[in-house]
Amino acid sequence: MKGTGYLTIVGCGLMAAFLFSLAGPALSAAPRQEAVAAMEGEEEKETDREEAETEKDARSDQKTTREQAVSVNSVSDNRIPARLLLRPSGGRRKAVSGNGVSENGVSENSVSQNEISEKDIPESSVSGNHTSGNDIPQEDVSANDVSEKRVSGNDISGNTISGNTISGNTISGNGLPDPDLAHRLTLKERQKGMSSHKQTMMANEQDRKTISGNDIDFSKIKIACLGDSITQAVNLDTLENYQELAWPNVLKEALGAGKVVNLGIGGSSIGRYWADAFVDRYTEIPEDTDLILVMGGTNDGFCASFVEFGNPVDRAPRTFWGDLDELMDGLKEDYPEAEVIFLTPLPNSLQDYLKAERKYLMPQEKFPEVIITLAEEHDMEVFDLYNSNILDGHDKDNVLHLMPDGVHPNADGYRILGEHIAAELIRLLDGRKEA
């Protein structure tokens with residue numbers, strides 16, 4: 001029995017050892033499996049991180065591509081293409097929806113975004129316009145010469161109208177802020193306040209600031225300048241490449257315009273009483289022109305009597321009234337997608353000399369008056385150089401420094417003229433951009 005018991009104990013021990021040997025690998029395998037699983041988890045996390053980085057890089061590449069595309073479309077640097085701000089003078093007008101401004105006119109439009117409504121000004125004398133929300137009940141605004149008239153070269157939107165004056169606007173042709181005036185100043189009125197030479201130099205300083213701060217892109221714009229010897233700069237023709245000094249070229253450089261075509265011919269007039277009349281050669285303007293600037297009337301004043309001047313009723317051919325009206329009609333019809341802006345002539349001393357000998361000549365100021373009147377009728381902008389008191393050929397200091405013959409500027413005078421026209425254009429389009 002003892003032997004049997006001993007054998008039983010030994011057998012049990014051997015069996016336990018055998019079973020333990022079998023369980024050992026299984027027990028040791030469990031930690032290895034856990035380690036492998038942990039390593040695989042880390043690998044999956046690393047893969048996820050790599051995929052996330054790849055996706056982030058792809059999104060960054062897409063953003064860069066979009067930014068590059070915007071830059072190619074000339075919207076980079078927050079510059080606004082000038083073509084979006086120009087208003088065709090012909091029949092192909094684009095209404096600005098949501099702004100209450102359509103057909104490029106202010107009259108007979110309701111300016112809803114300025115909170116102006118018809119009901120707040122009962123029996124107002126502002127005819128043709130819906131004006132409201134400005135709390136001006138029973139006010140008579142007609143004395144401000146705004147009734148049924150457009151203030152050319154000025155933008156009224158975005159400004160407050162208080163005390164029956166238009167505040168915050170720059171009066172076209174001045175180049176200087178003039179918040180207290182609601183009507184167009186005449187040359188004589190401006191001369192009372194400041195000499196032409198002083199006003200010319202002050203305006204040029206302001207013009208250069210306007211040009212340096214310009215954020216409108218003119219690089220895709222084609223401009224045509226129709227004019228006489230002042231546009232051609234014919235008085236500088238003894239200088240090599242003299243047309244580079246002409247105001248159209250100064251305008252091009254100041255604006256960074258794509259192309260400017262100079263169609264100035266010395267001795268030409270708007271009407272058909274001299275050679276190369278504007279009304280007979282305006283069709284030379286390239287068809288793809290975006291902006292047409294017309295500066296004339298100086299030579300018309302040298303030869304037009306009461307007969308050649310004409311009148312607003314008949315508007316007969318071969319008169320200033322009739323040929324200018326025909327010119328404006330033709331520009332609108334033949335260049336419907338281009339904006340047309342007229343520039344009144346600079347005051348000059350030569351016409352005064354001629355008029356002293358030829359009593360039949362019309363007064364100099366009559367010609368800009370007709371240009372302004374017909375431009376308003378044809379819904380065209382005007383840069384009123386005549387009444388601006390800038391580069392007046394009667395001013396002795398202008399003659400000494402800028403206009404040797406009292407009619408044509410010298411190189412410095414053309415630079416001032418070109419920069420002034422460029423600045424006026426920028427101010428005009430800035431007003432539209434803000435609206």
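Reader: Phe309, buried or exposed?

Author: Buried. This is a predicted model, and in it Phe309 has a relative accessible area of 7%. Because the cut-off for buried is under 20%, Phe309 falls in that class.

Reader: How many aromatic pairs does the structure hold?

Author: Three. One of them is Phe309 with Phe320, and that pair is stacked. The ring centres are 6.1 Å apart, with 10° between the planes.

Reader: Where do Phe309 and Phe320 sit in the chain?

Author: Phe309 is in helix 8 and Phe320 in helix 9. They are 11 residues apart, and the pair links distant parts of the chain.

Reader: And Phe320, buried or exposed?

Author: Buried, at 0% relative accessibility.

Reader: What about Phe309 and Phe367, what geometry there?

Author: Edge-to-face. The centres are 5.3 Å apart and the planes stand at 90°. Phe309 lies in helix 8 and Phe367 in helix 11, so this pair ties together parts 58 residues apart in sequence. Phe367 has 1% relative accessibility and counts as buried.

Reader: Which residues make up the aromatic cluster?

Author: Phe309, Phe320 and Phe367 form one cluster.

Reader: Switching to helix 9. What's its length?

Author: It has 15 residues, 320-334. From first C-alpha to last, helix 9 reaches 21 Å, close to the 21 Å expected at 1.5 Å a residue.

Reader: Which of its residues are buried?

Author: Phe320, Trp321, Gly322, Asp323, Leu324, Asp325, Leu327, Met328, Gly330 and Leu331.

Reader: What covers them?

Author: The cover includes helix 6 (278-281), helix 7 (298-303), helix 8 (306-309) and helix 11 (366-377). Strand 7 (291-295) and strand 8 (339-343) are part of it too.

Reader: Which ones point which way?

Author: Leu291, Leu293 and Met295 point one way from strand 7. Ile292 and Val294 point the other way. In a regular strand, side chains alternate between the two faces of the sheet.

Reader: Which way does strand 5 run against strand 7, parallel or antiparallel?

Author: Parallel, with five bridges joining strand 5 (residues 222-227) to strand 7. Cys225 stands opposite Leu293 in strand 7.

Reader: And how many bridges between strand 7 and strand 8?

Author: Five, in the parallel sense. There, Val294 stands opposite Phe342 in strand 8.

Note on methods:
Residues numbered from 1 in each chain as written. Predicted model: local features only at pLDDT ≥ 70, side-chain atom pairs only at ≥ 80, totals over all residues. Heavy atoms only, no water. Helix = DSSP H or I, 4+ residues; strand = E, 2+ residues; numbered from the N terminus. Expected span 1.5 Å × (residues − 1). Buried < 20%, exposed > 50% of the residue type's maximum accessible area, 1.4 Å probe, protein only. Contact = heavy atoms within 4.5 Å. Phe/Tyr/Trp six-rings, centres within 6.5 Å; stacked < 30°, edge-to-face > 60°. Pairing = 2+ DSSP bridges.
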